Amino acid sequence: MYDLFALYYDDLTDNVDYEAGSDYISGFLKESGVNEGAKVIDLACGTGTLSLLLKNKGYDVIGVDMSEEMLTVADRKACGSIPFIKAKMQDLVMPDPADACVCCLDSINHLTDIEEVKKTFSSVYGCLKKDGIFIFDVNTIYKHEKILAGNSFVFDKDGYFLAWDNEPLDYGAVRIILDFFIFNGKNYDRYTEEFIERAYEENELRAALEGRFEILGVYDELTRSPAKKDSQRLYFVCKRL
């Protein structure tokens, strides 16, 4: 899972405004007293684009991901300026507590059971200082059911072609099937990867955070507005108890 995807991830997410996302996140961090020099964990960092942007804002960033292939790309981009750790979100343990943790681009949705989400929140709790800030985003059930499920997307890129299918499963879950057709100089070789993402009700996530985090706010994507019925992505801003 994610082996081949890691090689093309940056190309396929070139429409993501990482600059706006890093500005949005750092705004919350600064409001909570997490300023330059603070230790920030980028959980499920992928290829490290957000890690680098936060590093450039003066934070002491540590990137964490379960995919060795993603981390290989991230380390190459960072040129040794950021330490990266291979670990699952549910199992992360840090030798020293951090000031903040961020987990973005629907990484929480890759946890397909609410108990795994609770384990992850517990893991983050254990990695943060008291009053540390935890910011994460999630795709909503609306997005999974109305935007993704049953729909297909096609990417025609230089040197390869990707068919991206989203197969609806039970409530809130979609199976994402990636069919890569990669030009080998004469014809195209086909490779397939797939994974499942699950969306959760806002109240489910609130309950999973209870007892460990105070929820400072839940916002519609990249705004300070509350969640709407048709919100596709929500940001949770939390403080460790």
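Me: Quick one: in β11, what is the bridge partner of Ile133?
Reply: In β11 that partner is Lys239. Strands here are DSSP runs of E, at least two residues, and helices are runs of H or I, at least four, numbered from the N terminus. This is a predicted model, where local features need pLDDT of at least 70, side-chain atom pairs count only at pLDDT 80 or more, and totals for chains, interfaces and linings use all residues. Residues are numbered from 1 along each chain as its sequence is written, and side-chain values use heavy atoms, leaving out hydrogens and water.

Me: And how do β5 and β11 pair, parallel or antiparallel?
Reply: Antiparallel: β5 (residues 128-139) and β11 (residues 233-240) share seven bridges. Pairing takes at least two DSSP bridges between two strands.

Me: What is the strand order of the open sheet?
Reply: The seven strands run β3-β2-β1-β4-β5-β11-β10, with mixed pairing. β3 (84-86) and β10 (213-220) each have a single partner strand, so one side of each lacks a neighbour in the sheet.

Me: Switching to helices: which residues of α4 are buried?
Reply: Met70, Leu71, Val73, Ala74 and Ala78 are the buried ones; buried means under 20% relative accessible area, exposed over 50%, partly exposed in between, with a 1.4 Å probe and protein chains only. Down the axis of α4 they fall within an arc of 160°, so they line one face. That arc is taken from the directions from the helix axis to the C-beta atoms.

Me: What do they pack against?
Reply: The buried residues of α4 pack against α1 (3-12), α3, β2 and β3, contact being heavy atoms within 4.5 Å.

Me: What follows α4?
Reply: Cys79, with a positive phi near 55°.
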